[in-house]
Amino acid sequence: MAGSLNKVMIIGNLGKDPEVRSTQSGSKIANLTVATSESWTSKQTGQREEKTEWHRVVVFGRGAEVVEKYLRKGSKAFFEGRLQTRKWTDQNNQERYTTEIVADNFTMLDGKRDGNGGGSYGSDDDYGQSGGGSYAPSTGTPKKISDDAPFDDDIPF
């Protein structure tokens, strides 16, 4: 194979309010828990069934500022990015692994921003301007989260 591809796109609802923190340099990091669901009719019972998957999503820099300001529990959004697995040590000195989506772009799909539909953010947009597209940081590669940063593996059900 000539190369590889690490690309993820999901549309889902936030399971809880974003957790936003700042790095020592003042850049923001937003951690989100996003639910995606699928439903079908069971061939055996004829009953409607549903399965929900929970995803960890991380947004860096200016995108994290937008997340902090506009997204809340239940908000529907489209996220696009890549999968990343990090290794860290918990408080009991146990090695843990976390797989998350590092979002490069996102679009808010419900009308909570200005009442006129979903808010979209692009690298050329100012916060007060509306426009098509999605949020895409203009700074390139996001800053790395510290390897010793504890992330709780409990998913809010």
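In which sense do strand β3 and strand β4 pair, and over how many bridges? Here are my notes on that and a few other points.

1. **Ground rules.** This is a predicted model, in which local features need pLDDT of at least 70 and side-chain atom pairs count only at pLDDT 80 or more, while totals for chains, interfaces and linings use all residues. Residues are numbered from 1 along each chain as its sequence is written, and side-chain values use heavy atoms, with hydrogens and water left out.

2. **Overall layout.** Among contacts (heavy atoms within 4.5 Å) with a separation of 6 or more, 58% join residues 24 or more positions apart.

3. **Strand pairing.** To answer the opening question, β3 (residues 28-41) and β4 (residues 48-60) pair in the antiparallel sense over 13 bridges; pairing requires that DSSP finds at least two bridges between the strands. Six residues lie between the strands of this hairpin, where glycine 46 takes a positive phi near 75°. β4 also pairs with β6 (residues 95-108), in the parallel sense over two bridges. Valine 58 is a handy residue to look at: it stands opposite asparagine 31 of β3 and opposite valine 102 in β6.

4. Of the 157 residues, 37% count as buried (under 20% relative accessible area; exposed is over 50%, partly exposed in between; 1.4 Å probe, protein chains only). Leaving aside residues up to four places away in sequence, isoleucine 10 touches Val34, Thr36, His55, Val57, Ala77, Phe78, Phe79 and Ile101.

5. **The helix.** In α1, the buried residues are Gly61, Gly63, Ala64, Val66, Val67 and Tyr70. They pack against β3, β4 and β6.

6. **A backbone angle to check.** Most residues other than glycine have a negative phi. Asparagine 93 is not a glycine, yet has a positive phi of about 65°. Asparagine 93 sits in the loop between β5 and β6 and, at 64% relative accessibility, counts as exposed.

Note on methods: Helices (H or I, at least four residues) and strands (E, at least two) are DSSP runs, numbered from the N terminus.
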